[in-house]
Amino acid sequence: MWDRFRVKFTIAGVGEAFGELVKHWAPRTVDRLLASLPLEGRAATWMEEVYFEIPIKIGTEKAVTEVETGAIAYWPMGNAICIFYGSSQPAAPVNLIGKITEGLELFRKVELGTVIRMERV
């Protein structure tokens with residue numbers, strides 16, 4: 001079984017969503033993120049995606065240009081965590097690191113500048 005790590009996203013004024021990071025999909029990226037949690041940033045939106053910059057620079061690792069709805073990814077060009085809540089696709093390659101397991105619909109309510117905190121549970 002692949003190593004999976006439960007995470008929580010606290011979206012200020014909106015609620016909490018949960019997901020899991022899957023180490024097998026991008027081991028170096030997931031390890032680095034887990035060692036750095038909790039992380040917090042201000043949301044930006046693009047199409048049906050919410051992302052927030054984090055103070056970690058990680059290069060590409062098993063980068064993909066297509067993701068499924070609910071994907072959690074790291075965007076190397078923007079040093080950001082991305083959550084894809086709809087059918088939109090990345091503007092540039094991302095490291096797929098996990099998926100949202102509960103509360104995906106909350107990301108539709110995120111506005112520019114909303115504080116999002118990601119932590120391990």
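# Exercises on burial, contacts and aromatic pairs

With a relative accessibility of 17%, Glu20 counts as buried, a word that here means under 20% relative accessible area, while exposed means over 50% and partly exposed lies in between (1.4 Å probe, protein chains only). This is a predicted model, in which local features need pLDDT of at least 70 and side-chain atom pairs count only at pLDDT 80 or more, whereas totals for chains, interfaces and linings use all residues. Residues are numbered from 1 along each chain as its sequence is written, and side-chain values use heavy atoms, with hydrogens and water left out.

**Exercise 1.** Locate Glu20 and find the partner of its side chain in a polar contact.

*Solution.* Begin with the strand: Glu20 belongs to S2 (residues 15–22), strands being DSSP runs of E with at least two residues, numbered from the N terminus. Next, the side chain of Glu20 makes a polar contact with the side chain of Arg4 at 2.5 Å; such a contact is a pair of N or O atoms within 3.5 Å, where within protein one must be able to donate a hydrogen and the other to accept it, and residues adjacent in sequence count only if both atoms are side-chain atoms.

**Exercise 2.** Which residues touch the most other members of the largest nonpolar core?

*Solution.* A nonpolar core is a set of buried Ala, Val, Leu, Ile, Met, Phe, Trp, Tyr and Cys residues joined through side-chain atoms within 4.5 Å. The largest one has 30 residues, of which Phe9, Ile81 and Phe107 touch the most other members. Strand S1 (residues 4–11) gives the most to this core, namely four residues. Apart from it lies another core of six residues, including Val67 and Phe84.

**Exercise 3.** Describe the two aromatic pairs of the structure.

*Solution.* Rings of Phe, Tyr and Trp (its six-membered ring) pair if their centres lie within 6.5 Å, and planes under 30 degrees apart count as stacked, over 60 as edge-to-face and the rest as tilted. Phe9 and Phe107 are edge-to-face, at 5.9 Å centre to centre with 80 degrees between the planes. Because Phe9 lies in strand S1 and Phe107 in the loop between strands S7 (95–102) and S8 (115–120), the pair ties together parts that are 98 residues apart in sequence. The other pair, Tyr51 and Trp75, is also edge-to-face, with 5.6 Å between centres and 85 degrees between planes. Tyr51 lies in strand S4 (residues 49–53) and Trp75 in strand S5 (residues 71–75), so this pair ties together parts 24 residues apart in sequence.
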